[in-house]
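Visitor: I am new to this structure. Please walk me through its salt bridges.

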Amino acid sequence: MKPEPSPAGRALVAAQAALAAEHAAAYGYGVIGARTSGARAAEAREAYGAHVARRDALARTVRELGGAPRPAEAAYALPFEVRGPADAERLAAGIEDRVAGAYSDLVRAAEGGLRREAADALTAAAVRAARWRGVGVAFPGLTERSGGARTS
């Protein structure tokens, strides 16, 4: 039987997963930005910047937890073809759901300041998902656990 990881080990695993979600989000927003215009393009640029900032902070956190930050993939498979603005909005909401899920796991695994940062990131992702979708969800970060959103 494999031993349970220590609390610090669980936080590191969850931070790595959140980092991977942020890498994928940054990639996805590149696609979204190319398929939107006007106010939605500005929202996409703002979200991209937020994800890049969180990605960089998570890379530092992973190092502080004793790990080596996983690098971004060269490309990510999208869950569907993004042909226009409606697809881009659906992709953005899905990305934010996935990011919220990763931060939900980090909230459960972390303590102190890292838990607060993860909760803030979960909240920000949930708000962005609601803006893209036009409606919020009851339990942000848990949607994908029930088979809801999937992006990678």
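Predicted model: local features only at pLDDT ≥ 70, side-chain atom pairs only at ≥ 80, totals over all residues.

Visitor: Is glutamate 81 buried or exposed?

Guide: Glutamate 81 forms a salt bridge with arginine 83, with 3.2 Å between the closest N and O atoms. Exposed means over 50% relative accessible area. Glutamate 81 has 54% relative accessibility, so the residue counts as exposed.

Visitor: And arginine 83, buried or exposed?

Guide: The cut-off for exposed is over 50%. Arginine 83 has a relative accessible area of 64%, so this residue is exposed.

Visitor: How many residues apart in sequence are the parts that glutamate 96 and arginine 128 tie together?

Guide: The closest N and O atoms of the salt bridge between glutamate 96 and arginine 128 are 2.9 Å apart. Glutamate 96 lies in helix 3 and arginine 128 in helix 4, so the pair ties together parts whose separation in sequence is 32 residues.

Visitor: Are glutamate 96 and arginine 128 buried or exposed?

Guide: Buried means under 20% relative accessible area. Both glutamate 96 and arginine 128 are buried.

Visitor: What separates aspartate 105 and arginine 108 along helix 3?

Guide: Aspartate 105 and arginine 108 form a salt bridge, with the closest N and O atoms 2.2 Å apart. They are three residues apart in helix 3, so their separation is about one helical turn.

Visitor: Which residues are linked in a network?

Guide: Here salt bridges join up into a network. Its linked residues are Arg40, Glu43 and Glu89.

Notes:
Residues numbered from 1 in each chain as written. Heavy atoms only, no water. Salt bridge = Lys/Arg side-chain N within 4 Å of Asp/Glu carboxyl O. Buried < 20%, exposed > 50% of the residue type's maximum accessible area, 1.4 Å probe, protein only. Helix = DSSP H or I, 4+ residues; strand = E, 2+ residues; numbered from the N terminus.
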